[in-house]
Amino acid sequence: MENIDKEKLLEAANAIKNPIKQQDEIYNLMNALGLTYKRTNCSRCLRDYLNIIKEELKIIKNAAEVSEFNETGGKY
């Protein structure tokens, strides 16, 4: 990944403030990073997808540690 492309991806990831309303941006980033996903309307899942993107881009260290599913014991 070139630095210019990575910078654009970083900017796009940081611009997402409402994952449920910005699903297309999340899926576009996941496609650009080559990540596998299943489309969803689950707000927690979309926030997890965004955290996975941020982990891939080295914005955060570990997406699993900040997952909202941790608060519920991993249950839906």
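Predicted model: local features only at pLDDT ≥ 70, side-chain atom pairs only at ≥ 80, totals over all residues.

Guide: Tyr-27, Tyr-37 and Tyr-49 form one aromatic cluster. In total, three aromatic pairs are counted. In one of them, the ring centres of Tyr-27 and Tyr-37 are 4.9 Å apart and the planes stand at 15°, so this pair is stacked, the angle being under the 30 degrees required. Tyr-27 belongs to helix α2, which covers residues 23–33, while Tyr-37 is in the loop between α2 and α3 (43–56), so the pair ties together parts that are 10 residues apart in sequence.

The two partners differ in their accessibility. Tyr-27 has a relative accessibility of 1% and therefore counts as buried. Tyr-37, at 24% relative accessibility, counts as partly exposed, because buried means under 20% and exposed means over 50%.

Tyr-27 also forms an aromatic pair with Tyr-49, and this pair is edge-to-face, with 6.4 Å from centre to centre and 65° between the planes. Here distant parts of the chain are linked, since Tyr-27 lies in helix α2 and Tyr-49 lies in helix α3, 22 residues apart. Tyr-27 and Tyr-49 are both buried.

The surroundings of Tyr-49 may be considered next. With residues up to four places away in sequence left out, Tyr-49 touches Ile-26, Tyr-27, Met-30, Tyr-37, Lys-38 and Thr-40. Tyr-49 is also a member of the largest nonpolar core, which has 15 residues. The residues with the most contacts inside this core are Ile-26, Leu-29, Met-30, Leu-33, Tyr-49, Ile-53 and Leu-57. Two or more residues of the core come from each of α1 (3–15), α2 and α3. Helix α2 gives the most, with five residues.

Helix α3 holds a further residue of interest, Lys-54. With a relative accessible area of 17%, Lys-54 is buried, because the cut-off is 20%. Neighbours within four places in sequence aside, Lys-54 is in contact with Ala-13, Asn-14, Ile-59 and Ile-60.

The chain may now be followed into the segment after α3, where Ala-64 is found. Ala-64 and Asn-51 are 13 residues apart in sequence, and their C-alpha atoms are 8.2 Å apart in space. Beyond four places in sequence, Ala-64 is in contact with Glu-55 and Asn-70.

Ser-67 lies in this segment after α3 as well. Its relative accessible area is 9%, and Ser-67 is therefore buried. The side chain of Ser-67 reaches the backbone nitrogen of Phe-69 at 3.1 Å.

The structure holds zero disulfides. Cys-42 has a relative accessible area of 27% and is therefore partly exposed, whereas Cys-45, at 15% relative accessibility, counts as buried.

Notes:
Residues numbered from 1 in each chain as written. Heavy atoms only, no water. Phe/Tyr/Trp six-rings, centres within 6.5 Å; stacked < 30°, edge-to-face > 60°. Helix = DSSP H or I, 4+ residues; strand = E, 2+ residues; numbered from the N terminus. Buried < 20%, exposed > 50% of the residue type's maximum accessible area, 1.4 Å probe, protein only. Disulfide = S-S within 2.5 Å. Polar contact = N/O pair within 3.5 Å; in protein donor to acceptor, adjacent residues only side chain to side chain. Core = buried A, V, L, I, M, F, W, Y, C linked by side-chain atoms within 4.5 Å. Contact = heavy atoms within 4.5 Å.
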